[in-house]
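Student: Could we go through this model together, with a few questions on how its chains meet?

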Amino acid sequence: MAEDGINSFMTGPDEQGRFGIFGGRFVSETLMPLILDLEAEYEHAKTDPSFWAEMDDLWKHYVGRPSPLYFAPRLTEHLGGAKVYLKREELNHTGSHKINNVLGQILLARRMGKTRIIAETGAGQHGVATATVCARFGLQCVVYMGAHDVERQAPNVFRMRLLGAEVVPVTSGRGTLKDAMNDALRDWVTNVRDTFYCIGTVAGPHPYPGMVRDFQSIIGRETRAQLQEQEGPGRLPDTLIAAIGGGSNAMGLFHPFLDDPSVRIIGVEAGGKGVDERMEHCASLTGGRPGVLHGNRTYLLQDADGQILEGFSISAGLDYPGIGPEHAWLHDVGRAEYVSVTDTEALEAFQLLCKLEGIIPALEPSHALAHVTKLAPTLPKDHIIVVNLSGRGDKDIFTVAKHLGFDMKV
Amino acid sequence: MTRIDAKFAKLKAEGKKAFVAYIMGGDPDLDTSLAVMKGLPGAGVDVIELGMPFTDPMADGPTIQLAGQRALDGGMTMDKVLDMVRAFRTGDSETPIVLMGYYNPIYARGVDRFLAEAREAGIDGLIVVDLPPEEDSELCLPAQAAGINFIRLATPTTDAKRLPAVLKNTSGFVYYVSVTGITGAAAAQAAAVGPEVARIKQSTDLPVIVGFGINTAENARDIASIADGCVVGSAIVKEIGAGKPLAEILARVADLASGAHSA
Ligand SMILES: Cc1ncc(COP(=O)(O)O)c(C=O)c1O
């Protein structure tokens with residue numbers, strides 16, 4: 001492996017919940033006992049076959065897993081280089097990868113006897129997934145969503161309400177994902193005895209980052225098997241590419257391949273209007289530095305005084321000034337690469353996939369696709385790229401229409 | 001012995017309860033905030049908790065969130081918080097000052113540099129909400145080594161199993177958060193809090209001070225009577241936020257202090 005002394009990249013987090021210096025448990029005392037309970041419950045569930053049997057059953061019959069690994073012929077031909085495969089997480093029930101993790105957390109909440117579920121959401125995909133699973137199990141559900149996101153993701157707000165969830169618009173800060181997470185934490189600390197916080201990405205205090213990754217790793221495990229079915233025994237992807245908000249769809253795809261040195265791993269952050277001193281982007285690794293927020297140490301967009309900056313991205317799901325701690329570590333040890341693409345590039349890739357493959361992607365994976373359009377043409381035709389198509393674009397058509405100057409009013 | 005230890009020893013000798021007041025540093029601007037701070041000891045405040053503003057105050061309710069926002073909008077920085085303490089110390093070398101806030105602004109400055117500057121400026125203790133005992137090596141242990149008290153929060157969810165860990169590296173005093181919740185939440189009743197405080201006092205000789213939700217002199221008296229003192233934050237910050245004149249703010253503080261001191 002690339003780094004001295006690292007035999008495996010798959011063993012983290014350690015007992016302190018750290019990936020190198022990243023991660024940890026930076027929460028108030030009120031939450032600590034619950035976080036320790038959750039860790040114990042998860043450690044127990046992890047090795048309990050009945051827990052995974054229930055997950056597998058729901059993944060198969062409720063979510064529709066496995067999601068297809070689809071060779072994209074016209075996109076491949078258009079780019080004229082590497083073979084591009086799409087991992088079709090957008091075909092999951094509720095339209096994104098988010099439900100993989102939500103099911104795991106809700107099963108844990110049930111084991112812990114919690115009756116009230118809270119969640120934060122940016123694009124609304126995690127909120128919809130949480131509202132859905134809560135409806136499925138008859139649990140009370142409260143979703144915190146930045147007021148700005150409530151506006152730009154209106155269809156998902158209505159979906160959550162239809163599913164019986166209470167959506168709380170958050171007006172503190174700039175009204176995006178970071179502020180929604182603050183308010184969810186405030187709710188949790190107030191209602192800690194009966195409430196389970198279902199975090200939507202590989203961030204937050206230990207054990208969340210590792211736990212959410214484990215639930216999302218089904219993406220990478222399926223990819224590994226499916227590619228061999230299609231390309232022959234032993235064939236691994238050459239490059240994995242995924243978009244990064246907090247980093248859960250990316251960790252889910254990457255993790256099962258971390259110890260395969262031939263697999264190049266690339267995370268794509270939201271470059272917004274460009275990664276420069278104006279800081280109108282959400283590229284925490286490219287444009288931030290280590291700090292402590294929302295329970296973990298990781299790379300953050302912040303000023304010299306340690307005040308957190310608001311990110312900026314056309315994509316509500318990537319609009320977060322931090323990134324999961326495991327990505328911060330993979331970045332520092334050099335096992336994964338992180339790049340950024342701008343709003344404009346993502347919008348172009350969005351349209352390209354619609355036209356070439358008949359698939360309307362969400363704006364989040366459109367960032368990953370934009371990087372593919374840059375990389376694939378430079379690679380040989382026998383090189384295999386797998387992109388995580390983490391969600392479908394139905395929720396984004398209003399935003400895209402606005403940017404393309406199309407009047408949606410009827 | 002820090003100023004905090006000395007103050008509590010003195011109060012104990014006098015048979016008095018402590019009144020601790022919280023204000024946000026730089027709210028709404030440095031001059032106003034410093035004027036309030038200078039007036040606190042005269043209004044009966046025994047220990048000052050000075051908030052360091054942070055963009056993402058996850059443990060605070062709307063009142064203190066807005067105060068932090070005002071301070072940041074007014075150009076408050078860590079340097080200016082330290083300047084405020086220095087300016088206060090030119091006229092008061094006795095009243096303990098506890099800096100209260102979140103870890104990231106300290107981490108961004110560098111722990112060693114922060115502790116050296118804090119000590120030099122005249123800060124006696126720290127309350128850092130997002131550093132539980134599990135993260136003691138980050139700041140708690142270096143602070144103690146630098147002669148600064150690290151004051152920990154104990155909460156209703158801190159059960160008997162966990163209490164020893166919470167008390168282990170705590171110094172100065174123990175801050176008992178009377179409700180599960182954020183600052184400014186509804187006040188707990190003294191009858192419910194009393195047994196909890198007694199439970200903690202069985203395990204430590206440190207003073208136990210109770211806070212969260214106290215907003216009247218009566219409340220302050222009731223809570224102080226079952227502990228070694230009480231903390232009032234949001235009720236004072238609200239007056240500052242409403243733009244009240246200095247004399248009115250300090251009169252309100254004096255009223256709350258008299259409640260605590262009558263216990
Ligand atoms: C479709 C989709 N992809 C990606 C993301 C980003 O989250 P993460 O980085 O955790 O996968 C979101 C978040 O809302 C999303 O909805």
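The questions and answers below look at the interface and then at one residue.

Student: Happy to start! How much area do chain A and chain B bury between them?

Tutor: Keep in mind that this is a predicted model. The contact involves 36 residues of chain A and 36 residues of chain B. Carbon and sulfur atoms carry 49% of the buried area, and the total between the two chains is about 2900 Å².

Student: How far apart are the closest N and O atoms in the salt bridge of R162(B) with E29(A)?

Tutor: Between chain A and chain B the count is five salt bridges. R162(B) and E29(A) form a salt bridge. A salt bridge requires the nitrogen and the carboxyl oxygen to be within 4 Å. For R162(B) and E29(A), the closest N and O atoms are separated by 2.7 Å.

Student: Which element gives the most to the side of chain A that touches chain B?

Tutor: Elements giving two or more residues to that side include β2 (22-26), α1 (32-46) and α8 (177-190) of chain A. With six residues, the one that gives the most is α8(A).

Student: Nice. Is P57(B) buried or exposed?

Tutor: P57(B) sits in the loop between β2 (47-51) and α3 (62-73) of chain B. Leaving aside neighbours within four places in sequence, P57(B) is in contact with R186(A), Q65(B) and Y102(B). The cut-off for this class is under 20% relative accessible area. P57(B) has a relative accessible area of 10%, so P57(B) is buried.

Conventions. Residues are numbered from 1 along each chain as its sequence is written. Chains are lettered from A and ligands numbered from 1 in the order in which they are written. This is a predicted model: local features need pLDDT of at least 70, side-chain atom pairs count only at pLDDT 80 or more; totals for chains, interfaces and linings use all residues. Side-chain values use heavy atoms; hydrogens and water are left out. Contact means heavy atoms within 4.5 Å. Buried area is the accessible area (1.4 Å probe) that two parts lose on being put together, summed over both. A salt bridge is a side-chain nitrogen of Lys or Arg within 4 Å of a carboxyl oxygen of Asp or Glu. Helices (H or I, at least four residues) and strands (E, at least two) are DSSP runs, numbered from the N terminus. Buried means under 20% relative accessible area, exposed over 50%, partly exposed in between (1.4 Å probe, protein chains only).
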